[in-house]
Structure formats: structure tokens, C-alpha cells
Amino acid sequence: MASVRVASTSFNGYNVVGIVRGADPALRQTYVAYGAHYDHVGIQQAVNGDSIANGADDDGSGTVTLLAIARAFAEGPKPRRSLLFVWHVGEEKGLFGSEIFAENPTVPLDSIVAQLNADMIGRNSADSLYIVGPGAAPNGQSAVLGTVVDSVNAASTRPFTFDRVWDTTTHPERIYYRSDHFNYAKKGIPIVFFTTGLHPQYHQVSDEAALIDYDKMARIGRLMYQTGVALGNRATRPKPTATQ
């Protein structure tokens, strides 16, 4: 015989939002959105006396990379569109921060032309990167965005090899549904999720900063930055022709 106990608790959490204004008087009212989550899983069962799950990769890697991208845009040339940065809370508890933002955005939702999500981008093979969204998002809404990312990657000095095995709604890991981009995709916004994938330290106290591949993380940051430049200067939205 088995029994199930369900408990609920209330907590206060806050998304952190920032904007870098674009250069074009008209297009600056539209946004390329970047996202990462800054929460983790908290206190775990102790391993060798350590019970604090630091979440260096999940999602410290995405959080600090977004900070670097925001600084690069703030201090450098501005694209035509504006850049919207959202550090989501509550991802680990059920994508709560991104759900709240998608329902109560700080800018008009239809002004967001694309959302680029970074979650766990600091581990595994140096040149491999999972891309999720162009194939998995409904109605082909992220297909054009996927071609932009492909083009930017191909033009880089050291392109990544994109792994698309998770870019589907039917993979057993259900990665498409498991990070903050999903709540934007549900609203019809083109999305791409960048991740270097799972590893033995996932949701463990052993997810430590010493294991991060900082060179790879920086390269992903540059790819996301250059994708933002391409989208920010693009005259049309990255959506299929029939829905532009």
C-alpha cells in the first residue's frame, strides 16, 4: 500500500528585469528578450558535510552570462530594437517566475519578437550545444528564429555543433517543457533554449563552480549576444511569413 501527501507553502519571489534601449526610434519599442533563472533547489541531504546546493551550472551559468550580455549591450553599440533581460525566480518550483511574467509582462507581450533562454550552459563537451525550440515550439513559430541562430553560429570563428535531439515534444526527457522559455512559447513568442545538457551533478550539492567550463560558457554568451544583434537589427520579426 502507498500513500501520497500533498503540501503547499507560500513564498515571496521576485523576477529581476532590465532593459537596454535600442537605437531606432520606431523599432526600439520592440524587444529581443533574454532569460535565465537565478533560483536553485536549496538545502539537500548532506554529502561529506556539504548540504548546500550551489547550482553553479543550474543556473548560475546562465545568470552570470546574461549579466555579461547586458553589460556588453549597455556599454557597446545598440541594435535597432531594445533588449529585455529577465532573471526569473521559481523555475525550480514549476516555472513560476516566467509564468507570472508572461501573464503580467512589464512591456506589451506582442512587442517581444523573440526570447533566448540560457539554462545550464557551462558543462560537457567543448563544442556541443543543445538547441531547443525551432522544432518543438507549436505551429513552426520558432523555425525562422532557428535559422537566424544557425546563421550566426555558422559565421562564428569556432562554431558549435548543435545537438537537436531534445528539440521535440516527444523526447522522454521532455526538455522543451522544463525551462522558462516554455511560458513564452505558450504565448506565441518565438523561442530558443540554449543548454549544454544534464550531468551527474544536476540538482546535487556537487554542482560546483570548479566544474564549469568558463571558455565554453563565454562562447555561448557571445553566440547569444550576436544572435541578439542580428535579431535587434532585423527589419522583420523572426516568425513564419504567414504570421508576420
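**Notebook: cores, a hairpin and some rings**

I looked up the largest nonpolar core: it has 34 residues, and Y34, F85, L116, F194 and M224 touch the most other members. I note that this is a predicted model. Strand 2 (31-37), helix 1 (56-75) and strand 5 (82-88) are among the elements that give two or more residues to this core. Helix 5 supplies the largest share, six residues.

Next I checked L116. Leaving out residues up to four places away in sequence, I found that L116 touches several others, including Y34, F194, M224 and L231.

Then I turned to the hairpin. Strand 3 (residues 43-47) and strand 4 (residues 50-52) run antiparallel and are joined by two bridges. V47 stands opposite D50. Two residues lie between the strands, and N48 in the turn has a positive phi of about 55°.

On to the rings: how many aromatic pairs does the structure hold? I found nine. The ring centres of Y34 and F85 are 5.1 Å apart with the planes at 10°, so I call this pair stacked. Y34 is in strand 2 and F85 in strand 5, so the pair ties together parts 51 residues apart in sequence. Are these two buried or exposed? Y34 is buried at 1% relative accessible area, and F85 is buried at 1% too.

Y176 and Y177 pair edge-to-face, at 5.1 Å centre to centre and 70° between the planes. Y176 is buried at 3%, whereas Y177 is partly exposed at 26%.

Last, I looked for charges over rings. K93 sits over the face of F11, 5.5 Å from the ring centre, and R219 over the face of F160, at 4.1 Å.

Notes:
Residues numbered from 1 in each chain as written. Predicted model: local features only at pLDDT ≥ 70, side-chain atom pairs only at ≥ 80, totals over all residues. Heavy atoms only, no water. Core = buried A, V, L, I, M, F, W, Y, C linked by side-chain atoms within 4.5 Å. Buried < 20%, exposed > 50% of the residue type's maximum accessible area, 1.4 Å probe, protein only. Helix = DSSP H or I, 4+ residues; strand = E, 2+ residues; numbered from the N terminus. Contact = heavy atoms within 4.5 Å. Pairing = 2+ DSSP bridges. Phe/Tyr/Trp six-rings, centres within 6.5 Å; stacked < 30°, edge-to-face > 60°. Lys NZ or Arg CZ within 6 Å of the ring centre and 35° of its normal.
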